[in-house]
Amino acid sequence: MKKLLVAAFTGMLLSTSALADVTSADIANDTATTGDVLTNGMGQHLQRYSPLDIINKENVKHIVPAWAFSLGGEKQRGQETQPLVHDGVMYVTGSYSRMYAINVRTGEEIWQYDARLPEGILPCCDVVNRGAAIYGNKIYFGTLDARIVALDLKTGDVVWRKKIANYKAGYSYTAAPLIVNGLVITGNSGGEFGIVGEVQARDANTGETVWTRPVIEGHMGTLNGKESTMTGTLNATWPGDLWKTGGGATWLGGSYDADTDTIVFGAGNPAPWNSWLRGAGNPKGNEGDNLYAASRIGMDPATGEIKWHFQTTPREGWDYDGVNEVVAYTDRSGNKRWATADRNGYFYVLNREDGKFVSATPFVKNITWAKGIDDTGRPIFNDAVRPGDPSKAIDGKKGETTFAVPSFLGGKNWMPMAHSPKTGLFYVPSNEWGMDIWNEPVTYKKGAAYLGSGFTIKPLFDDYIGSLKAIDPDTGEIKWEVKNNAPLWAGVMTTGGGLVFTGTPEGHVKAFDDETGEELWSFQTGSGIVGQPITWEMDGEQFIAVSSGWGGAVPLWGGEVAKKVNYLNQGGSIWVFKLPKQLASAK
Ligand code: CA
Ligand code: CA
């Protein structure tokens, strides 16, 4: 309790100072300092947990809007952002690479920045942005033309702007950057265009590149402008030349663990999707595994050297990107762990020290592509569900179609889960769906989709696809589940008040009991929620914020799922909630 009071006091101090520079210590302490939200994930462990309990199980039913803010213009579409709050200002990124600074007490705009994107950008899965990073007197965010921009916190003026990669080759950028020891660390997007996944670190003040680390075997990293080391061993798991356009987009940003001084990034699908083109795929050997695609990769933040990797889906062939967020936590026995809920339908626990496999349990129903995960963490493939080799087809054009569960959009996609150190549980936004998938011939062409697959996504059950689950990481047991008609696509947050917050495509922001899953509060925001809720404390009151604005990958890749979402309206707004003053001060 004492700790909480100190944290609350520190938070109040921060919120009364005048646009103070954000330090590495501020970032390291972000979870405990409840007066601000400085990092994506509400702390670099990405737990999305706040100790705040002013709003709790008893009074959450009374919370009401404090203000709402429109992201304006004709540029609506998916609003997947996580707001940041610092010194009385909320910073929000919007679709089409825009950013807003908003007076957090009044909801009035302070400044707005529009990246003014060039013609011909190639975002695969809507024109979203997932948030910014604050450090010093600047705020950083990535743009859809594969650039990283540093803006002055006070004015929104551009301080520096750097190219991550060539958007004409299919690169883009949507994730929130990660700040570690004065470096701005970014990944890249474009895994459906035969790009090469990479992590880059820049000096936060100047934007100068410090190191780069491609995540596909055979490519060379750099450090201080010179070649450093090769990623992996050339041709060890990628026969031939396909590694040169091997995918593995690092499109979801990273987490940082100070205890082990490790950053972790995930890498997406190997390219192209057709796995028969990428090697033999001997389930007992490494050939055809296609490292480090569909993997989580632990790296040294000072040099970009790879410390460890864990591949969730070797010789991946269903678009099970391995990018989902890796959350650092301590289990009930005191072991330091990582947890991640993969696109492939399994919830993994890894050892935080060396990334070694601890356990894997299914978190969605009726998984078909694997029969399970063995003692080493490797999937036991169900060969009947590997889409057929098109070169063996009678017409040489379309391989045998299989029905894979989960669908390529995953048991869980990008939308982040939350972990409560109070309950020990993870709160995972998941989806129950499958797909017909088949392979086709394909050749690489710069800037063109590079799949070699076709697919039709299908619900598994009549009455729901979305499923918010509370998972015990020690056992894999699902403690409770809340079903939702449309697929879930919003982030989750949990609090010391015993609450779990998330939103639905149908437009509701909701609060659930963290122990039972009972719905305790709901509010209709007017458009679908695919954003990431946050909470903070100001003037003795607790606030909740979330973006509303339907979009993202689901409406673009709908298949038979489209029926559940095609009536939903677009939007673009930020909603902020709090208790009525008389109730808040009565506490
Ligand atoms: Ca904080
Ligand atoms: Ca992908």
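**Salt bridges, a calcium site and sheets**

Colleague: Is Glu 515 buried or exposed?

Modeller: In this predicted model, the relative accessible area of Glu 515 comes to 55%. Because the name "exposed" is given to values over 50%, Glu 515 counts as exposed.

Colleague: How many residues apart in sequence are the parts that Glu 515 and Lys 57 tie together?

Modeller: The side chains of Glu 515 and Lys 57 meet in a salt bridge, with N to O at 2.5 Å. Glu 515 belongs to the loop between strand 36 and strand 37, whereas Lys 57 belongs to the loop between strand 1 and strand 2, so the parts tied together by this pair are separated in sequence by 458 residues.

Colleague: Lys 57 also meets the side chain of Asp 514 in a salt bridge; is Asp 514 buried or exposed?

Modeller: The N to O distance between Lys 57 and Asp 514 is 3.1 Å, and the pair links distant parts of the chain, 457 residues apart. Lys 57 is partly exposed, at 22% relative accessible area. For Asp 514 the relative accessibility is 2%, and because "buried" means under 20%, Asp 514 counts as buried.

Colleague: How many salt bridges does the count come to?

Modeller: The rule asks for a side-chain nitrogen of Lys or Arg within 4 Å of a carboxyl oxygen of Asp or Glu. By this rule, the count of salt bridges comes to 32.

Colleague: Which residues coordinate the calcium ion (ligand 1)?

Modeller: The coordinating atoms stand at 2.2 to 2.5 Å from the calcium ion (ligand 1), and in sequence the donor residues are spaced D-x2-T-x2-D. Two of these residues are buried, Thr 33 with a relative accessible area of 9% and Asp 36 with 4%. Through O and OD of Asp 30, O and OG1 of Thr 33, and O and OD of Asp 36, the ion is coordinated by Asp 30, Thr 33 and Asp 36.

Colleague: What is the site of the calcium ion (ligand 1), judged from the angles among its six donor atoms?

Modeller: The angles among the six donor atoms run from 70 to 167°. Six donors count as octahedral if opposite donors are over 155 degrees apart and all others lie between 65 and 115, and anything else takes another name. For this ion the site is irregular.

Colleague: In the open sheet with the order 7-8-9-10, which residue of strand 10 is the bridge partner of Val 149?

Modeller: This sheet of four strands has antiparallel pairing, and its edge strands are strand 7 (133-135) and strand 10 (158-163). Strand 9 (residues 147-152) is joined to strand 10 by five bridges. In strand 10, the bridge partner of Val 149 is Arg 161.

Colleague: Is the link of Cys 124 and Cys 125 left-handed or right-handed?

Modeller: The structure holds one disulfide, which joins Cys 124 to Cys 125 with S to S at 2.1 Å. Both cysteines are partly exposed, Cys 124 at 29% relative accessible area and Cys 125 at 22%. About the S-S bond the angle is -100°, and the link is left-handed.

Key: Residues are numbered from 1 along each chain as its sequence is written. Chains are lettered from A and ligands numbered from 1 in the order in which they are written. This is a predicted model: local features need pLDDT of at least 70, side-chain atom pairs count only at pLDDT 80 or more; totals for chains, interfaces and linings use all residues. Side-chain values use heavy atoms; hydrogens and water are left out. Donors are N, O and S atoms within 2.8 Å of the metal (3.2 Å for Na, K and Ca); water is not among the atoms, so sites may look incomplete. Four donors count as tetrahedral if all angles lie between 85 and 135 degrees; four count as square planar and six as octahedral if opposite donors are over 155 degrees apart and all others between 65 and 115; anything else is irregular. Buried means under 20% relative accessible area, exposed over 50%, partly exposed in between (1.4 Å probe, protein chains only). Helices (H or I, at least four residues) and strands (E, at least two) are DSSP runs, numbered from the N terminus. Two strands pair if DSSP finds at least two bridges between them. A disulfide is a pair of cysteine sulfur atoms within 2.5 Å.
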